[in-house]
Amino acid sequence: MTFCAAFFCACSQAAPDYEHNGKVSVTVLNGEHYSVKGGNKHEIDRGGEVTFDIELERGYAIAGVFGDDKNCEYTDDISFNQTLTVSNVNYNVTVRLLTKQLSTNEFNIVYDENFGSIKLTSALGEAHKGEYYSTDIVDLTAIAKDGYRFICWSIGDYIANGGELYSYFAGFDNFDFKTYSTVYANFKSVRDMRNTIIYDFVNGSELVQDCATLIAHHPRANTMTAVELREQGVDCDSKLLAGWLSEDGDYVGLGSRVAVNDERYIKLDAIWKNYASVNDFAVDESGNRITEFKGVPDKNGEVVVPREINGKTISSIASEAFKGCGLSALYLPDSIETIEDNAFLDCIYLTEIYMSDNIVNITDAAFKGCKNLTTLHLNAFHKPRFNYQEIGQKTDLYDLLEKNADNGKRKIVVLGGSSVRYGYSTYKIREMFSEVYDGEFDVYNMGWNAGFCSLAQFEVINKSLREGDVFIHAPELYGGQLLGDVAVSPLTGEQAAVLTGDYSLIYRIVETNYDFLSYLTVSNYANVFSMLATFNKNRLIPPYPPREYTEYFKGFVDDDSFGIRSTTEMVEAEGGENKAYSGKSSFENLDYYKDCWNRLNAYIYSRIADGVNVFVAFSPINVCNLELTYDTTDSMIAAADNYTQLVKTVLADSNVTLIGEQKDSIYAGEHFVGHDFHLGAPFRDTHTENIISKLIQALRDSSLL
């Protein structure tokens with residue numbers, strides 16, 4: 001193996017006598033634990049350079065170099081190099097080397113001979129068994145016996161026993177002895193490949209991911225990110241790796257989740273896309289910014305933007321670079337970080353985009369006039385960052401809902417903001433349904449935040465609703481939950497929903513499974529890409545370090561608070577008071593509410609499949625909060641009745657059953673904690689009984705129970 005580092009000895013001070021022929025001599029003396037191969041003295045022109053080959057005794061490295069007149073630089077950096085270069089020589093010089101004895105590492109390779117064997121070769125000749133110097137570079141190769149497959153290398157222990165994953169490749173070059181002293185080879189029977197992902201690349205080359213430790217934390221495993229694949233030696237630069245294709249024909253993005261624990265294994269075929277010709281693009285003087293696409297889409301209507309043009313990495317796309325292009329699908333490499341406004345102006349045939357989470361500068365105006373753009377596929381370049389209990393468990397719930405969509409159980413799904421998050425008891429719903437329903441069912445409290453766009457939540461959830469399921473929507477009086485936040489979409493020129501929330505909630509929720517984003521209809525929103533840029537920028541700054549997928553929590557946490565609060569008596573523990581917490585509320589703006597409910601009816605309720613039982617409930621409201629608007633109880637109740645009647649009128653001809661009246665969900669201030677929609681226990685039980693009892697009666701009246 002070739003070593004590449006070199007010492008340079010610059011000798012520039014004048015000497016009193018030069019050789020009369022204009023030559024100077026350089027001599028390297030043989031010394032302790034090293035010798036010079038070939039001639040150790042050379043004559044060169046003044047100011048010239050000469051290189052010597054050095055032969056080191058095993059177990060030693062060059063530690064320094066000096067000249068006998070002390071005019072050569074001295075370095076105490078250890079070098080594993082076997083050459084010495086002396087340059088800028090202006091007078092005769094003699095060079096000596098210092099050597100340093102290297103420490104040894106105890107190194108063990110552990111494997112089960114029943115499954116396979118190990119081939120080990122050393123870069124410095126025959127390695128001593130179990131003992132290696134820190135300069136040694138070894139190549140490991142795992143050889144599986146018939147009936148078994150190599151899975152991965154691990155450190156600390158076998159991967160099945162909690163060892164740390166190190167590499168998936170059977171051929172493992174340049175193992176780092178300075179970091180690890182023990183490596184384990186993991187094999188698995190080909191007759192039992194459960195909890196395994198097999199990645200199939202070009203020409204049949206494979207990568208195997210043992211998901212045992214991953215699914216110990218979550219019932220589904222994540223595929224590798226682009227960075228992880230590069231770390232495993234996969235060349236993602238010559239072609240674009242756009243994702244995976246399962247044997248069932250399902251698309252899986254990089255870093256997205258797949259269910260592997262219920263199958264023998266899951267096999268994913270790489271989706272490679274050939275880059276468009278570099279001759280189809282014009283770039284600016286920097287070479288990193290595409291200014292014009294001069295070609296035409298391929299026969300499938302696709303354009304695959306190359307990662308490099310003329311040796312320069314492409315990082316941005318200029319305004320109007322693709323103006324009016326007839327492409328239907330756009331593929332962007334993970335090197336792209338910036339897409340300027342109007343970059344894809346009036347690409348009216350564009351329907352889907354494949355990009356990575358490296359993009360930090362983009363707004364929806366980049367796709368102005370792309371009125372048919374519906375689908376965004378996001379591939380993971382970075383590992384997740386927003387991985388803490390609250391986010392992690394809510395993410396799990398979305399995953400579990402999808403995973404269990406067809407498990408034969410009836411689902412009861414409650415959607416809303418924090419009034420649902422805090423105001424509905426999972427225990428109580430399960431208890432009440434158990435008394436009247438003879439069958440298995442799951443309860444999913446999807447309540448999150450009033451600023452979390454209701455339409456975005458619904459589009460993800462709707463994919464998992466089946467005939468016989470119960471869907472309950474209980475929106476607050478304001479914000480994205482009522483689809484009250486709308487703006488003109490640059491894509492369509494029409495009003496569209498706004499993904500609200502300073503914290504890019506939809507992206508945080510789907511960060512460990514970006515495939516959920518493909519469930520959103522992009523043209524339904526005014527700021528999908530703007531919010532993506534906000535999300536990507538925010539998570540790359542402190543205090544959000546990279547996290548492992550295995551840090552996410554396993555499964556459904558069967559707790560009413562669902563990771564939001566650990567206390568069950570929230571009001572008593574936190575001192576609930578009879579007061580308003582977050583300002584006044586009002587039922588007065590009926591024209592605004594009418595528009596909102598019409599949008600809910602058109603965008604959500606009308607899109608739910610036949611056979612799903614759809615219910616709307618009113619959110620709980622703090623009476624103290626309302627008293628800031630209404631002088632008397634009678635005026636408050638009258639306003640609540642007007643609001644109830646408005647909702648009834650809008651939903652009269654829909655497939656929605658309205659549960660109760662708003663006035664029945666007005667509670668004393670002491671029932672709330674920290675916010676006027678955050679009911680505390682035990683009052684969440686009271687509210688749950690209030691709503692679910694009416695729902696059960698409605699199901700009975702319709703003979704659905």
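Glu577 is partly exposed in this predicted model, at 43% relative accessibility. Its side chain meets that of Lys579 in a salt bridge, with 4.0 Å from N to O. Lys579 is likewise partly exposed, its relative accessible area being 34%. Elsewhere, salt bridges with shared partners join Arg220, Arg257, Asp396, Asp399 and Glu402 into one network.

The structure holds 29 salt bridges, including these:

| Salt bridge | Closest N and O atoms |
|---|---|
| Asp210 with Lys188 | 3.4 Å |
| Arg307 with Asp237 | 3.6 Å |

Arg307 lies in the loop between strands E27 (302-304) and E28 (308-309), and Asp237 in the loop between helix H2 (226-231) and strand E21 (240-246), so this pair ties together parts 70 residues apart in sequence. Arg307 is buried at 17% relative accessible area, whereas Asp237 is partly exposed at 38%. In the other pair, Asp210 has a relative accessible area of 7% and is buried; Lys188 is also buried, at 16%.

Helix H5 (residues 426-434) has Thr426, Lys428, Ile429, Met432 and Phe433 buried. These residues cover an arc of only 165° around the axis, which puts them on the same side of H5. They pack against strand E35 (410-416), strand E36 (441-445) and helix H13 (683-701).

Helices H10 (residues 590-603) and H12 (residues 633-651) have axes that come within 10 Å and cross at roughly 35°. The crossing of H10 and H12 is right-handed. On H10, Leu590, Tyr593, Lys594, Trp597, Asn598 and Asn601 meet Asn642, Tyr643, Leu646, Val647, Val650 and Leu651 of H12. The residues of this contact divide into eight nonpolar, three polar and one charged.

Terms used:
Residues are numbered from 1 along each chain as its sequence is written. This is a predicted model: local features need pLDDT of at least 70, side-chain atom pairs count only at pLDDT 80 or more; totals for chains, interfaces and linings use all residues. Side-chain values use heavy atoms; hydrogens and water are left out. Axes are lines fitted to C-alpha atoms, for helices over the stretch in contact, and angles run from 0 to 180 degrees between N-to-C directions. Helices (H or I, at least four residues) and strands (E, at least two) are DSSP runs, numbered from the N terminus. A crossing is left-handed if the near helix is turned anticlockwise from the far one by less than a right angle, and right-handed if clockwise. Contact means heavy atoms within 4.5 Å. Ala, Val, Leu, Ile, Met, Phe, Trp, Tyr, Cys and Pro count as nonpolar, Asp, Glu, Lys and Arg as charged, and the others, Gly among them, as polar. Buried means under 20% relative accessible area, exposed over 50%, partly exposed in between (1.4 Å probe, protein chains only). The arc is that of the directions from the helix axis to the C-beta atoms.
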